[in-house]
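Please find below a colleague's note, prepared for a student reader. Kindly keep the structure in view while reading the points.

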Amino acid sequence: CDAHGGARKMTNNTIQKPADTPLGDTTRISADWQKLDRENPRLVGIGARTTDESIIAQLFRGDELGELLQSISANGYLDIEPLIVCLDPADQKFTVLEGNRRLAAIRLFREPTLADAIFRYERLKISVPEIDEKIKSSLKEVSVYRVQGREDARSFIGFKHINGAAK
């Protein structure tokens with residue numbers, strides 16, 4: 001993740017690889033290209049042993065992830081607000097700077113063995129509700145807003161957390 005920003009608009013072009021995702025634009029991309037933010041300020045006391053399982057377990061314990069799972073199973077994924085992401089050049093995946101709970105829920109629905117792994121490593125039982133195929137297919141791609149780096153995302157994320165999501 002580096003450092004620039006831009007105005008908000010929506011790109012509908014088919015993106016072939018993560019690096020093709022435009023900066024300063026809202027774009028739908030594969031959920032497989034996104035990863036949880038290991039530097040998320042909500043992850044208190046996780047330590048150097050940070051795994052996806054430990055991140056999702058902490059998000060479940062503290063951030064109403066269970067409610068989000070129930071909401072998505074009942075209403076589908078409401079792709080209204082984009083996840084804020086920056087490209088990690090090390091693995092060519094997007095680090096989700098804002099929206100880790102949503103990504104965790106998406107992963108729990110899309111990866112059937114993930115809840116079992118969380119139980120095995122974190123001793124936390126997460127019940128993932130059943131969803132129909134239409135909802136499941138809607139989780140393959142989600143809207144993201146790509147920024148160059150954390151600094152670009154910081155003021156936007158801070159504003160949203162203080163004032164709430166845009167209505």
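The points that follow concern salt bridges in a predicted model.

1. How many salt bridges does a search of the whole structure find? The search finds 10. The points below discuss some of them.

2. One of the pairs is Lys-17 with Asp-20, whose side chains meet at 3.3 Å, N to O. Lys-17 has a relative accessible area of 46% and is partly exposed. Asp-20 is likewise partly exposed, at 38%.

3. Arg-110 and Asp-32 also meet through their side chains in a salt bridge, at 2.8 Å from N to O. Arg-110 belongs to helix 3 (residues 100-110), whereas Asp-32 sits in the loop between strand 2 (26-30) and strand 3 (34-35); the pair therefore ties together parts that are 78 residues apart in sequence. Arg-110 is partly exposed, with a relative accessible area of 25%. Asp-32 counts as partly exposed too, at 45%.

4. A further salt bridge joins Arg-150 and Glu-39, with 3.4 Å between the closest N and O atoms. Arg-150 is in helix 6 (residues 150-163) and Glu-39 is in the loop between strand 3 and helix 1 (52-62), so this pair ties together parts that are 111 residues apart in sequence. Is Glu-39 buried or exposed? Glu-39 counts as exposed because its relative accessibility is 57%, and the cut-off for exposed is over 50%. Arg-150, at 24%, is partly exposed.

5. Arg-38, Asp-52, Arg-107 and Glu-111 are linked to one another in a network of salt bridges.

Definitions and conventions. Residues are numbered from 1 along each chain as its sequence is written. This is a predicted model: local features need pLDDT of at least 70, side-chain atom pairs count only at pLDDT 80 or more; totals for chains, interfaces and linings use all residues. Side-chain values use heavy atoms; hydrogens and water are left out. A salt bridge is a side-chain nitrogen of Lys or Arg within 4 Å of a carboxyl oxygen of Asp or Glu. Buried means under 20% relative accessible area, exposed over 50%, partly exposed in between (1.4 Å probe, protein chains only). Helices (H or I, at least four residues) and strands (E, at least two) are DSSP runs, numbered from the N terminus.
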